Amino acid sequence: MQREDQQAVLARATVFAESVIRPQAGHIDQVEALPREIITGIAEHGLLGAPIPAKYGGLGLDPVTYGKLTEIIGKACCSTRTLLTVHTSLVGETLVKMGNAAQKEKYLPDLAAGKRLWCFALSEPESGSNANSVHTRYESKKNGFILNGKKKWISFAEIADYYLLIAADNGVVSAFIVERDRPGIEIRPMKGLLGSRGSHMAEISLRNVEIPAENLLGQLGMGFNFIVNTALHYGRYSVAWGGVAVGQAALEEMVNYARTREQFGQKIGQFQLVKGMIADAVTRVHAARALCLKAGELHLANDEQAVMETNIAKYFTSKVALEVASDAVQVFGGNGCWNQYPVERLFREAKILEIIEGTSQLQQVLIADHGLRKYRRRKLTGLGEAYRE
């Protein structure tokens, strides 16, 4: 797709996000469900297949443009952005990279068109950040597999038609495509969440679920090092932009309120300490977006550094989102603690970003290990000088 066409996609998405999605964001949070009309609307705009190649029915957006799209949708509603993260990034982009020809032809057109919704079933009651320690089991049988176990914290599992599911057999982790309507599958919706309340989160229980051999994604044993790592990379890139989205939304709410709210005979935006919070918020959001743009450009160039830059971006933008949302609540004062104002919801949504797609603490370990390798100093032989590798 030409650059002009990609910009047109963003323009249309902005209109839809601001006119249809944003006005319903508070209601989505309260009823804990994403209206079918919104899912249908973003599907009709082609957004559920935004980065999917055109030959499979997608828009073929480049990573940078797709990131900007994620910010547009996420600024309007975090739960709607979560659908992009799960259905389009975690699953769709992973199928493009890891699926065989038959699987791509079978699944991607309906995925890109939003005719069938997908979720990524990795987390379990006893396995979150330690993604390599799955307890859900598969057993090989003639012409297929049998699955047993439980998945938890699975966004859109309540309404998804397909699950990209991770299971293990004596430590051999593999990935499978599982149809929702197979016998032995039970879904239990999860309500009362801190944030992303409209993401239809649920538990998936599998009891002797039989699937055919062609539902294996990749090869046996590729589940963690290839499928999971690929999916989490795409997911973290999407969530990184989601952090920018929450930060930008909170900044805009903060500024609008500071320009209209009066205390002590003047607009509170004239108080120096409020200006300080606004200045910090502007700076943080700009820096967060710059990191995401860099990660997207490296991804576009197929640069191997894209993975670590994405981890850095995800870690930083999740922190920025929470910091800016917290300051926005402070600027709103008592009103910031009331769900009649968006900053209360944005504050809750921001905290979720520090947990999903690898906690901030996990990202710190990954980034620190990278730093210990990359930024050590060595003396040049015979010169007594040092340089950074």
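Modeller: Gladly, and let me begin with a term: contact means heavy atoms within 4.5 Å. Please keep in mind that this is a predicted model.

Colleague: Which residues does Gly149 touch, leaving out those up to four places away in sequence?

Modeller: By that rule, Gly149 touches Thr136, Ile204, Ser205 and Leu206. Gly149 itself sits in strand 3, which covers residues 144-154. Along the chain Gly149 and Ala167 are 18 residues apart, and their C-alpha atoms are separated by 8.5 Å.

Colleague: Why is Gly149 called partly exposed?

Modeller: Buried means under 20% relative accessible area and exposed means over 50%, with partly exposed in between. Gly149 has a relative accessible area of 26%, so it is partly exposed.

Colleague: And what makes Pro342 partly exposed?

Modeller: The relative accessibility of Pro342 is 26%, so Pro342 counts as partly exposed too. Pro342 is found in helix 10.

Colleague: Why is Ile21 called buried?

Modeller: The cut-off for buried is under 20%. Ile21 has a relative accessible area of 0%, and therefore it is buried. Ile21 is found in helix 1, residues 3-21. Not counting residues up to four places away in sequence, Ile21 touches a set that includes Ile38, Ile42, Ile73, Ala76, Cys77 and Thr80. Thr80 is 59 residues from Ile21 in sequence, and the two are 8.0 Å apart in space, C-alpha to C-alpha.

Colleague: Which residues of helix 3 are buried?

Modeller: In helix 3, residues 36-44, they are Ile38, Ile39, Gly41, Ile42 and Ala43. Two of these names, Ile38 and Ile42, also occur among the contacts of Ile21. The cover over the buried residues of helix 3 includes helix 1, helix 2, helix 5 and helix 6 (101-113). After helix 3 comes Gly46, with a positive phi near 80 degrees.

Colleague: What about Ser196: buried or exposed?

Modeller: With a relative accessible area of 7%, Ser196 is buried, because the cut-off is under 20%. Ser196 lies in a loop, between strand 6 (185-189) and strand 7 (202-212). Beyond residues up to four places away in sequence, Ser196 touches Ser79, Thr82, Glu349 and Ile352.

Colleague: What makes it a cavity and not a pocket?

Modeller: A cavity is a set of points where a 1.4 Å probe fits but cannot get out, whereas a pocket is an open set.

Colleague: Which residues line the largest cavity?

Modeller: The lining consists of Ala25, Ile28, Asp29, Cys77, Cys78, Ser79, Arg197, Gly198, Arg345 and Glu349. Helix 2 (25-31), helix 5 (78-98) and helix 10 (342-353) are the elements that give two or more residues to it. The largest share, three residues, comes from helix 2. By class, this lining has four nonpolar, two polar and four charged residues.

Colleague: How does the second largest pocket look in these terms?

Modeller: The second largest pocket has a volume of about 160 Å³. Its lining has 13 residues, and nearest the centre are Ile268, Gln330, Val331, Phe332 and Gly333. Helix 8 (272-300) and helix 9 (306-332) supply at least two lining residues each. The classes here are seven nonpolar, five polar and one charged.

Colleague: Finally, how do you know that the chain as a whole agrees with a compact globule?

Modeller: For 389 residues, a compact globule would have a radius of gyration near 21 Å; the protein chain has 22 Å, so the two agree. The C-alpha atoms fill a box of roughly 80 × 70 × 45 Å along the principal axes. The chain has 11 helices and 12 strands, and 54% of its residues count as buried. Among contacts with a separation of 6 or more, 72% join residues 24 or more positions apart.

Definitions and conventions: Residues numbered from 1 in each chain as written. Predicted model: local features only at pLDDT ≥ 70, side-chain atom pairs only at ≥ 80, totals over all residues. Heavy atoms only, no water. 1 Å grid on protein atoms, 1.4 Å probe; cavity = no way out; pocket = protein on both sides within 12 Å on 5 of 7 lines; lining within 4 Å. Helix = DSSP H or I, 4+ residues; strand = E, 2+ residues; numbered from the N terminus. Nonpolar A, V, L, I, M, F, W, Y, C, P; charged D, E, K, R; others polar. Rg over C-alpha atoms; globule rule 2.2 N^0.38 Å. Buried < 20%, exposed > 50% of the residue type's maximum accessible area, 1.4 Å probe, protein only. Points joined across faces, edges and corners; volume = space filled by probe spheres on them.
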